[in-house]
Amino acid sequence: MYAQIESGEFQLLTPVQILQETKMILENLEIDNCIFSTQHAINYLSMQGVIPRDKDKLMETLDKGINDPSILKDDSCRRL
């Protein structure tokens with residue numbers, strides 16, 4: 001995969017695209033009493049909630065990150 005990235009054949013998602021993809025997944029989850037967490041050092045945005053109870057709060061947090069990428073963790077803080 002490294003060669004594909006270097007050649008431009010494969011492009012990594014931007015931080016905003018990652019949040020948009022996460023939002024799409026969350027929007028389409030139809031489950032009960034499930035902990036949804038992105039509280040790991042590698043994530044651009046830390047959040048946690050229980051679905052479906054906190055789904056709206058989680059979606060709002062994702063929207064904030066999508067609309068204002070300045071609130072996202074810098075790559076240097078993500079310990080990659």
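**The helix pair and its surroundings**

Author: Three helices and two strands make up the secondary structure of the protein chain. The model is a predicted one. Read from the N terminus, the elements follow the order α-α-β-β-α. The C-alpha trace spans about 45 × 25 × 20 Å along its principal axes, and of the 80 residues in the chain, 26% are buried.

The part in question is the pairing of helix H2, residues 15–28, with helix H3, residues 55–67. Two packed helices are described by the angle between their axes and the distance between the axes. Here the axes of H2 and H3 come within 9 Å and cross at roughly 160°. Angles over 145 degrees count as roughly antiparallel, and H2 is therefore roughly antiparallel to H3. The crossing of H2 past H3 is left-handed.

Side chains of opposite charge can pair when their charged atoms come close. Lys23 and Asp63 form a salt bridge through their side chains, with a distance of 2.6 Å from N to O. Because Lys23 belongs to helix H2 and Asp63 to helix H3, this pair ties together parts that are 40 residues apart in sequence. Asp63 is partly exposed, since its relative accessibility is 26%.

The whole structure contains two salt bridges. The other pair to consider is Arg53 with Asp54, whose closest N and O atoms are 3.0 Å apart. Arg53 counts as exposed, at 64% relative accessibility, whereas Asp54 is buried, with a relative accessible area of 13%.

The loop between strand S2 (48–51) and H3 holds Pro52. The peptide bond between Ile51 and Pro52 is cis, with omega at about 10°. Asn33 is not a glycine, yet its phi is positive, near 55°. Both features stand out because most residues other than glycine have a negative phi, and most peptide bonds are trans. Asn33 is also exposed, with 68% relative accessible area.

Met1 lies in the segment before helix H1 (2–7) and is exposed, at 60% relative accessible area. Together with Ile5, Phe10 and Leu12, Met1 forms a nonpolar surface patch, and the accessible area of these residues comes to about 390 Å². Glu6 is part of helix H1 and is exposed as well, with a relative accessible area of 55%. From Glu6 to Gln48 the C-alpha distance is 34 Å, for a separation of 42 residues in sequence. Gln11 sits in the loop between H1 and H2 and is exposed, at 67% relative accessible area. Gln11 and Leu72 are 61 residues apart in sequence, and their C-alpha atoms are 20 Å apart in space.

To return to the request, H2 and H3 are roughly antiparallel, and the salt bridge between Lys23 and Asp63 ties the two helices together.

Conventions. Residues are numbered from 1 along each chain as its sequence is written. This is a predicted model: local features need pLDDT of at least 70, side-chain atom pairs count only at pLDDT 80 or more; totals for chains, interfaces and linings use all residues. Side-chain values use heavy atoms; hydrogens and water are left out. Patches are made of residues with over 30% relative accessible area and no salt bridge: like charges are joined within 9 Å, nonpolar side chains (Val, Leu, Ile, Met, Phe, Trp, Tyr) within 5 Å. Accessible areas come from the Shrake-Rupley method with a 1.4 Å probe; for residues, only the protein chains shown count as cover. A salt bridge is a side-chain nitrogen of Lys or Arg within 4 Å of a carboxyl oxygen of Asp or Glu. Helices (H or I, at least four residues) and strands (E, at least two) are DSSP runs, numbered from the N terminus. Buried means under 20% relative accessible area, exposed over 50%, partly exposed in between (1.4 Å probe, protein chains only). Axes are lines fitted to C-alpha atoms, for helices over the stretch in contact, and angles run from 0 to 180 degrees between N-to-C directions. Angles under 35 degrees count as roughly parallel, over 145 as roughly antiparallel, 65 to 115 as roughly perpendicular and the rest as oblique. A crossing is left-handed if the near helix is turned anticlockwise from the far one by less than a right angle, and right-handed if clockwise.
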